[in-house]
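Here is a short briefing to read alongside the structure.

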Amino acid sequence: MPSLELPAAPHYVHPPPTRVDLEYANLPIIDLSQASTLEGRIALSVRVRDAMAEHGFFYVINHGHSRAQSERIFDIANVPFEQVTAEEKETYAGTMKKTGSYQGYKLRQYWHIDGGVHDQLEHYNINRDITKRGHPQPLRPFLPEISQFARHNHTNVLHPILRLLALGLELPEETLVNIHGFDAVGETYVRFMKYYPRSEDEEAKTKNVWLKGHTDFGTITILYSQPVSGLQILTRGGIWKWVKHVENALVINAGDALEFLSGGFYRATIHSPMKRVIQPPEDQRRATRLGVFYFCMSDDNVKLTPLVESPVLQQVGITRRFEDDTAPTMEIWRKGRTAQYGRSELKASSEKGVEEETIAGAMVQGLTTHIQMPNLDLPEVPHYVSAPVTKVDLEYADLPIIDLSKASTPEGRLALSVQVRDAMMEHGFFYVINHGYTLAQTERIFDIANIPFDHVTSEEKIGYVATMKETGSYQGYKLRQYWHIDGGVHDQIEKYGIHRDVTKRGHPQPLRPFLPEISRFARHNHFNILHQLLRHHRLFAIGLELPEETLVDIHGFDSPGDTSVRFMKYYPRSQEDEKKAKNVWLKGHTGLQILARNGVWKWVKHIEDAL
């Protein structure tokens, strides 16, 4: 009969929870005990889908591990740090850069954080197949328990969550489970992790950041909640909020691979929350923090392409981070991310107060790709500084302001539809606020918008000039002095038009690193603004008393058509040109001024971060 006696492990005592009043993220709590019936799973799938869309994170309770079992695994988790000598740790150090695998130790001071400061985090990583490599002697008596812990997480936590995520995509329940086999070839693993306090000098140099803003590269990350506050997530509003400790709960978040498989529906990129580890609050500052994780990845041979058979993706559209024929497998993706993470200098992000690592690219099918890595590294771009707002007292048009955040209920949509209808009839224009882009994201797109004008040579511009007359399309450059304005004067306006499918034609070299961001910008505008108005919030359709899908059905993102992003720069003209053209820069066109119903031209006023 198997013995129920467990090897002794020194009991690990967590520091008490902080008493500091922190700003916590309001994360949903998913009760897995309700997933025992199909009806329960369907109800939970809606909550999980909404949690992923809104937060990218959620808690799980009633996951099958008792509080005593969770305490036991924390006791075991401390063994590789406190019971193994420094010499033996070196023997079992991981070879991340060489093999792209975290198996074994990630020792302290391996990752660069900032200002010459390296991390004070130590990992010990164990593949779910504990026999894949050797382990330090003090940990060996606990390997059977670690193996059982891995199987529990895989079967009783990961697989139920994957079923809920599949239902959220209206796919068969086993779709994602089938590519996350426990016995398949892959890297899903248990991680024990210990965070050690740093000096005040190190804290100052790194602005208290212990682990830079990042996404995980797998599909799902399972974190066992513990009392030391240190984990923060970046909300959609651009605010870092703390993750609160919930006794014997799990914290779940999506990684890159799930984003790829779900065609951007379950996101782990910059438009969704990312996470970082930061210095704990004052009353926990000198405490060590012990973490227990289960990092989940699909089978190594799975190609990370969208599950296009999903009715949900067919309806809302698919965001591809790679073309299907060049998409990496899970093995290639994880090895590229693992080998490169934390080995370069931090760069300032477009997001205020966030600093990130710059990585040149992941090795995909033997070639370095310049598609933006989903650890939120963005190519550098000179910051464009807009001119200050005019102080001249102008006669402004009194345009209505439509707040899209009020369109989350049928009542709100109905009220807004009346506002939109009246605005279109009275003015033909309106402002939109709370449209899903932060001020920092808007500033970033203006930085990118200046690239084709100030960073492309005249010769290269000629090479990418649009053929408006021949094709009737503005894709590419509309150079200055193309349009006649008046009195022999031609325009001083330069445009660069980019089809929403950025691959439809070539682009000048300085703009190419920014094409993934431009593509996401186009998709954001199409689905989160245009379709919000046309379908999701039904404002135009309701205003015309038409079926709700009438207008969205003729505005497909992937349909043939010319919907495009346009960057445009207006250059000053000579006084003589101004006089000849009567100060008109663009004839009778809806632009800086609009013609009111009474025949008076009125100015359109700038509103910060509005459309």
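Let's begin at the surface: Asp 325 counts as exposed because its relative accessibility is 57%, over the 50% cut-off for that class. Please keep in mind that this is a predicted model.

**A charged patch on the surface**

- Asp 325 sits in the loop that runs between helix H9 (311-316) and H10.
- Asp 325 also belongs to a negative surface patch, together with Glu 323, Asp 501 and Asp 558.

**Salt bridges**

How many salt bridges does the structure hold? The count is 17, and some of them are described here.

- Arg 163 and Glu 174 form one of these bridges, with 2.7 Å between the closest N and O atoms. Arg 163 lies in helix H6 (residues 143-168) and Glu 174 in the loop between H6 and strand E7 (189-195), so this bridge ties together parts that are 11 residues apart in sequence.
- Arg 163 counts as partly exposed because its relative accessibility is 21%, and Glu 174 is partly exposed because its relative accessible area is 32%.
- Glu 187 pairs with Arg 334 in a salt bridge whose closest N and O atoms are 3.7 Å apart. This pair links distant parts of the chain, 147 residues apart: Glu 187 is in the loop between H6 and E7, while Arg 334 is in helix H10 (residues 330-340).
- Are Glu 187 and Arg 334 buried or exposed? Glu 187 is buried, and Arg 334 is buried too.
- Lys 602 forms a salt bridge with Glu 395, and here the closest N and O atoms are 3.9 Å apart. Distant parts of the chain are linked again, 207 residues apart, with Lys 602 in strand E27 (residues 601-603) and Glu 395 in the loop between strand E18 (367-368) and strand E19 (401-403).
- Lys 602 counts as partly exposed, since its relative accessibility is 21%. Glu 395 is partly exposed as well, with a relative accessible area of 47%.

- Strand E12 (residues 250-254) is mostly covered, with 5 of its 5 residues buried.
- Which residues cover the two sides of this account of E12? On one side are Leu 250, Ile 252 and Ala 254, on the other are Val 251 and Asn 253, and all are buried, so that both faces of E12 are covered.
- Strand E2 (residues 57-61) pairs with E12 in the antiparallel sense over 4 bridges. Within this pairing, Phe 57 has Asn 253 of E12 as its bridge partner.
- Strand E9 (residues 220-224) also pairs with E12 in the antiparallel sense, over 5 bridges. Here Ile 222 stands opposite Ile 252 in E12.
- E2 is mostly covered too: 4 of its 5 residues are buried.
- In what sense do strand E1 (residues 29-31) and E2 pair? They pair in the parallel sense, over 3 bridges, and Ile 30 has Val 60 in E2 as its bridge partner.

- Gln 69 lies in helix H2 (residues 67-77). It counts as partly exposed because its relative accessibility is 38%.
- Gln 69 and Asn 248 are 179 residues apart along the chain, and their C-alpha atoms are separated by 9.6 Å.

**Backbone angles to look at**

- Glu 170 is not a glycine, although it has a positive phi of about 60 degrees. Glu 170 is found in the loop between H6 and E7.
- Asn 434, another residue other than glycine, has a positive phi near 55 degrees. It lies in the loop between strand E20 (431-433) and helix H12 (439-449).
- Is Asn 434 buried or partly exposed? Asn 434 counts as partly exposed because its relative accessibility is 47%.

Technical notes: Residues numbered from 1 in each chain as written. Predicted model: local features only at pLDDT ≥ 70, side-chain atom pairs only at ≥ 80, totals over all residues. Heavy atoms only, no water. Salt bridge = Lys/Arg side-chain N within 4 Å of Asp/Glu carboxyl O. Buried < 20%, exposed > 50% of the residue type's maximum accessible area, 1.4 Å probe, protein only. Patch = residues over 30% accessible without salt bridge, like charges linked within 9 Å, V, L, I, M, F, W, Y side chains within 5 Å. Areas by Shrake-Rupley, 256 points an atom, 1.4 Å probe, with all protein chains shown as cover. Lys, Arg positive; Asp, Glu negative; His and termini not counted. Charge placed at Lys NZ, Arg CZ, Asp CG, Glu CD. Pairing = 2+ DSSP bridges.
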